[in-house]
Amino acid sequence: MPTSPASICSRFSLDAIAQLATGHALDSLIQPGLVPATVSSITEPSLAKLSTAFTWIFLPWLAEWFPWRTLTLLRNENHALFLYCCGVIKQARSTVSEKQEYQHLLSAVLASAEVSDEEAANHLMTTLLAGVG
């Protein structure tokens, strides 16, 4: 992972958001792992991603039909981050009780009986990506 000032700020933001949102320390400033690399790859702008997004928005039938390499890579990266979030949620669900004070944002979300694990994982992914991007 590059050590530019923007990269360091991005990893710092990811560490802070992950700690506040889930109670887990990613320590991406010390040792970058899968999650910081995936988040960086997803949020990094490129012409290929822009053209894929343009096609997906304005010509969705073409985007579904044409085998876009960029779209496949984005789906794989999103799936890897989603699997990480599902693991965090599974671990957090086992430790959250109804009468416990909320230690982090995820525990407050999981205390609600209306939220499924998939919805919680999507919320967590959005929180991580929005905080870094």
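**The whole chain**

Begin with the entire chain, shown as a cartoon; please bear in mind that this is a predicted model. The chain contains seven helices and zero strands. Followed along the sequence, its pattern reads α-α-α-α-α-α-α. Of the 133 residues, 32% count as buried. Consider also how the chain meets itself: among contacts between residues at least 6 apart in sequence, 54% join residues at least 24 apart.

**The largest nonpolar core**

Hide the surface and turn to the interior. In soluble globular proteins, nonpolar side chains tend to be buried together. The largest nonpolar core here has 24 residues. Select Leu14, Val39, Leu81, Cys85 and Leu128, which touch the most other members of this core. Next, colour helix H1 (5-22), helix H2 (34-43), helix H5 (69-95), helix H6 (105-111) and helix H7 (117-132); each of them supplies at least two residues of the core. Which helix gives the largest share of this core? It is H7, with seven residues.

Remain with Leu128 and display its surroundings. Leaving aside residues up to four places away in sequence, Leu128 touches Leu14, Ile17, Ala18, Leu81 and Cys85.

**Helices H1 and H7**

Two packed helices are described by the angle between their axes and the distance between the axes. The axes of H1 and H7 come within 8 Å and cross at roughly 150 degrees, and the crossing is right-handed. To view the contact, select Ser10, Ser13, Leu14, Ile17, Ala18, Ala21 and Thr22 on H1, together with Leu124, Thr127, Leu128, Gly131 and Val132 on H7. What kinds of residue make up this contact of H1 with H7? Seven are nonpolar, five are polar and none is charged.

**Thr38 in helix H2**

For the last stop, select Thr38, which lies in helix H2. Is Thr38 buried or exposed? Its relative accessible area is 8%, and the limit for a buried residue is under 20%; therefore Thr38 counts as buried. Display the residues around it. Apart from residues up to four places away in sequence, Thr38 touches Glu77 and Leu81.

Methods. Residues numbered from 1 in each chain as written. Predicted model: local features only at pLDDT ≥ 70, side-chain atom pairs only at ≥ 80, totals over all residues. Heavy atoms only, no water. Core = buried A, V, L, I, M, F, W, Y, C linked by side-chain atoms within 4.5 Å. Buried < 20%, exposed > 50% of the residue type's maximum accessible area, 1.4 Å probe, protein only. Helix = DSSP H or I, 4+ residues; strand = E, 2+ residues; numbered from the N terminus. Contact = heavy atoms within 4.5 Å. Axes fitted to C-alpha atoms, helices over the stretch in contact; angles between N-to-C directions. Left-handed = near helix turned anticlockwise from the far one by under 90°. Nonpolar A, V, L, I, M, F, W, Y, C, P; charged D, E, K, R; others polar.
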